[in-house]
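Biologist: I have a model open on my screen and I'd like to learn how to read it. Can we go through it step by step?

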Amino acid sequence: MSCCVSPHEQRLLDKIEGKEDIYRASHPRVFKILETFDGLRPIIDVERARYFTQSMMETEGEMLCLRWAKALKHIAENITVYIDEDNLVCGRGGVKGRYGLLYPELDGDFLDIAIKDLPNRTESPFSISKEDARIVVEEIAPYWKGKTYHEALNAAFPEEVHKLSYDDPEGLTSRFIVNETSSFRSSIQWVHDYEKILKRGFGGIKKEALEKIEALDPLSPIDNVEKKPFLQAIVIVCDAIITWARRHAVLAREEAEKETDPVRKAELLKMADVCERVPEHPARNFHEAVQSQWFTQMFSRMEQKTGTIVSNGRMDQYLYPYYKADVEAGILDEDQALELLECLWVGMAQFIDLYVSPTGGAFNEGYAHWEAVTIGGQTPEGRDATNELTYLFLKSKREFPLHYPDLAARIHSRSPERYVADVAETIKDGSGFPKLINDEEVVPLYVSKGATFEEAYDYAVSGCTEARMPNRDTYTSGGAYINFVAALEMVLHNGKMLKHGDEQLGLETGNPCEFKTWDAFWTAYQQQHKLFLKTAFHQQYVINNLRAKHFAQPMGSAMHDLCMKHCLDLHTPQIPEGINLGYFEHMGFGTLVDSLSAIKKLVFEEEKLTLAEIIEACDGNFEGKEDVRQLLMTAPCYGNDDPYADEIARQVDELNVLFGQKYSKELGMHNDIRYVPFTSHVPFGKVVGATPNGRFAWTALSDGSSASHGADKTGPTSVLLSNCNSKNYGHRDRAARMLNIKFTPKCLEGEEGTEKMVAFIRTFCDLKLWHVQFNVINKSTLLAAQKDPEKYRNLIVRIAGYSAYFVDLSPDLQNDLIARTGHDSI
Amino acid sequence: MTNKEIQNTTGTVFNIQKYSVHDGPGIRTVVFLKGCPLSCMWCSNPESQSFKPQLAYNSNKCISLAECVRCAEVCTAGALIQGEGDKIHVNWDTCTNCLCCADSCPSGALITYGDKQAVRDVIDQVEKDAAFYARSGGGMTLGGGEPLAQPEFALALLKEAKRRYIKTAVETCGHVSTEALLEACKYLNMMMFDIKSMDSEKHKEFTQVGNERILENLKAVRQAFPKLHIRVRTPVIPGFNDTTEDIQAIVDFLKAYDVEYELLPYHRLGTQKYTNLGLGYPLGDTSLENDAFLPLLEIAGQIGFSK
């Protein structure tokens, strides 16, 4: 009778009716700041790119890491600094409002063309002023032509690799078959050791670097040619961020001078004091710690393009000592701490991770961002790590449900009941937070890959669903995204694809209609599958050798124990003692498994259809063949805890696992299978015709390790069990797996609903699944928002390891979300 | 009976519903047994009433005769004819319920409700979610229809579940053999027992049976199993038992027993299924308003458990 909408939906309805948000009064400052930029189209700010380019022009020939440090110093000294009205924390990389930065070192070769398209793009559009567009076209882009990583990579791929990677000779458009992703970001999602900065400050790191320079052997070639410039770069980059911070102190004092409101004046003077202190010196209190962290991550965002933004790490752990001490000293209470953190959140919300390339844009729709704040989990000693701050983060998400920052809750077998219940309550709120990462899967896996227990227990969630050990991880490249549904299409067309006509893309595995047995078909599939794997691994080999020639990150290296120890930039392919955790991506897992299942069952076992009939129906996009389509859909599907489909899923997973196991060594890394598509299952679907699971041509593939749209019919418990069944637990060669589940609010109603959600989460933990996230929403709300986007501007939905405004998504992705099965109960 | 005999016992099941969160504690799987001694006018599972497998037709799922005539090709009784919108129409008068058409239908427009299943296979399905039962205190619920109207099968299911350490519950209308009911209680963690009205005549008018046996059975169960967790439930149906007097009478009766009590508000979710079975909806157009329901909740609260 009651509760048919989530609290998030209720607040949207309130807003439509013109009611004030129920939490506005208790969070006045941040709501006010939010209103200054909420819903604005992001603007491109060119300053970072301009100063970076200016400096790089001056330093050609020097060691790359040193050049990068000098460029950052040039940026720090010249870029406009801002103090946001009302905010207590400062540090932004661009103009007021929502803004994005340019990284011409990545895509300078086609930046001038792209800049014309960006405002009109369907997926994640950006605006740029006329003057700034001129700067890009005349000052920035010309320098980078012929120098970018992207061009070098395009030239370096062997022909057979290029053929499955790009649509055009210049490598500007992806084929979405075996898609490299190393060229639209300098680093994959990453986490810094913020605790180090809070404890030692960049002043401390600078001192360490200077001492190391002193201790170098003055006669050693390595010490002088390799290590010395690296350490000099560290010194310069430490100076750069300190300079940048102090410029904020100066500005804050100027503003204070002009300020007439005594309250704001005092705030500005306090901010000036804080910015003079951190991040150079250790933080002494909670405010300094928050500001120091923010300067660090914000400057890191200017250093390089970390894929969908550098993460926040274990915030409830490294901020806790400052919080506790301040509370005990009586200089901070819960509300003040919350306000400071939320000042940080609105800062994060204004930085938009801009993807210039169309491929990058399609990968990360809705202005994707994964600045994951990790909460909960275990201490390095393996004890439960939950503390008062943990609960404060959850509270903030319920009361100020901005979709920044991304919140990730670590779950382990002894997570306290209060914590899991609070997590469940927050999920029920309905804005998609937090996502859950499972210690019981991540920790043993990382130990098996060479980490110590201490390091593994201390992992931080990074990006979408990944986990990082900030002082042990050393692999920074994006991996291949592989469209295995295209591999199936190639089996059905003897190595060709519908979209590409007569072009022989894959192997000639023979006329499919002549396969007499399932084994024959499966063998052909494996051949195409392995061709894709081979292509992906060849890509990665080239990538690994090429990247360090184009990317450096002195600041990231300054914060990394192993880089400092060995005097090597973090982008160096092999860093002694480092663990290289890379991945390749399986696209369309559910789509593929269900299609294979349909062929196996209906063609080779029940003989209700022939392969020729299926191919004809698929090629014609089931036009006039709805009966064939419906029949295909009666086959067992992944996501129903059905051993028939799940065993096929496990065998497919095994192909990936064993290939990685065999050939990763040659790449000097763990190149392991991952199931995390961001939003790319939509563009990957656009290159594949209709499939034997009844999916129509050019529509989205299934996402991550989730079931195909609507194929999971036996409820959410089965979805988890299928996920478990399809894993090869006997091998370590696997990385993250993303799993989306959609519930209706009704299903989680009341205290009983919370208890059942807790039990569901506990079982997820028992099953040793990697990740799960929830949308708790009514389908009617999504449909209403699609119809009337203006009214539903604030509707937040869970996409793929991040939450975004529903109205910011392309129609394709909106439909994809609507089509996901919503679990109710009878 | 030996374990093997128990496992081989068969009965008619029309649905196995996983992740059921409103039919007893925790996360549960409900096994719906087909056939019921009552014919309640508001029944939301009309497909559960007959003991036999039966055909149902959902025209929304029918593809269109232009693309598919598989069903008509197998129908020997000539019961499938062209209907509106180029879709099949079932002539229920001529249909012999041979069920061949359901086997041939690719889209699930024509389906069979109910099939014979062995205890082993049913419990295998139920046991799949054991990891969730362990964490939530859930388990298996037998529902229906009236599960104890297939007493041998229901008992075998309960015994086999117990043997595999699966917690059990049953949802019963109470109008069953006392012997079977008491035997079932030996293997139950919880019983959900419907009492629909204290007025036997009205009971008969709306359900086709009086309430005497039902009330006697509750008494018998409580006497023989004083500690069994019992939740009595009353579906609140407009025009039948939605007055405060109706509910007060039930509450007064229940005060002598140590039971939980829950009111289930009337809903119309089952109406489509009547159409699919070629039946009319007996209760017609009616609805339960909050104003009528909320005072009843308060009365129900007198015995400690309300919802």
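Biologist: Let's start where the chains meet. How many residue pairs are in polar contact across the interface of chain B and chain A?

Modeller: Keep in mind that this is a predicted model. Across that interface the rule finds eight residue pairs in polar contact, counting pairs with both residues at pLDDT 80 or more. On the side of chain B that touches chain A, the elements giving two or more residues are β1 (10-20), α5 (130-136) and α12 (290-300). Sorted by class, that side of chain B has eleven nonpolar, eight polar and eight charged residues.

Biologist: And how many salt bridges does the rule find across the interface of chain B and chain A?

Modeller: Three salt bridges turn up there. One of them joins the side chains of Arg135(B) and Asp766(A), at 2.7 Å from N to O.

Biologist: How much area do chain B and chain A bury between them?

Modeller: About 2600 Å², with 58% of it on carbon and sulfur atoms. In chain B, the residues that lose the most area to chain A are Tyr19(B), Phe132(B) and Arg135(B), together 30% of what that side buries. So you meet Arg135(B) again, the partner of Asp766(A) in a salt bridge, because buried area is the accessible area that two parts lose on being put together. As for residue counts, the contact takes 27 from chain B and 33 from chain A.

Biologist: Now a single residue. Is Glu626(A) buried or exposed?

Modeller: Glu626(A) counts as buried because its relative accessibility is 16%, and the cut-off for buried is under 20%. You'll find Glu626(A) in helix α28 (residues 626-632) of chain A. Its side chain makes a polar contact with the side chain of Arg629(A), at 3.2 Å. Leaving aside neighbours within four places in sequence, Glu626(A) is in contact with Phe696(A), Ile63(B) and Glu67(B).

Biologist: What about cysteines: how many disulfides does the rule count over all chains?

Modeller: A disulfide is a covalent bond between the sulfur atoms of two cysteines. Here the count over all chains comes to zero.

Conventions:
Residues are numbered from 1 along each chain as its sequence is written. Chains are lettered from A and ligands numbered from 1 in the order in which they are written. This is a predicted model: local features need pLDDT of at least 70, side-chain atom pairs count only at pLDDT 80 or more; totals for chains, interfaces and linings use all residues. Side-chain values use heavy atoms; hydrogens and water are left out. Contact means heavy atoms within 4.5 Å. Buried area is the accessible area (1.4 Å probe) that two parts lose on being put together, summed over both. A salt bridge is a side-chain nitrogen of Lys or Arg within 4 Å of a carboxyl oxygen of Asp or Glu. A polar contact is a pair of N or O atoms within 3.5 Å; within protein, one must be able to donate a hydrogen and the other to accept it, and residues adjacent in sequence count only if both atoms are side-chain atoms. Helices (H or I, at least four residues) and strands (E, at least two) are DSSP runs, numbered from the N terminus. Ala, Val, Leu, Ile, Met, Phe, Trp, Tyr, Cys and Pro count as nonpolar, Asp, Glu, Lys and Arg as charged, and the others, Gly among them, as polar. Buried means under 20% relative accessible area, exposed over 50%, partly exposed in between (1.4 Å probe, protein chains only). A disulfide is a pair of cysteine sulfur atoms within 2.5 Å.
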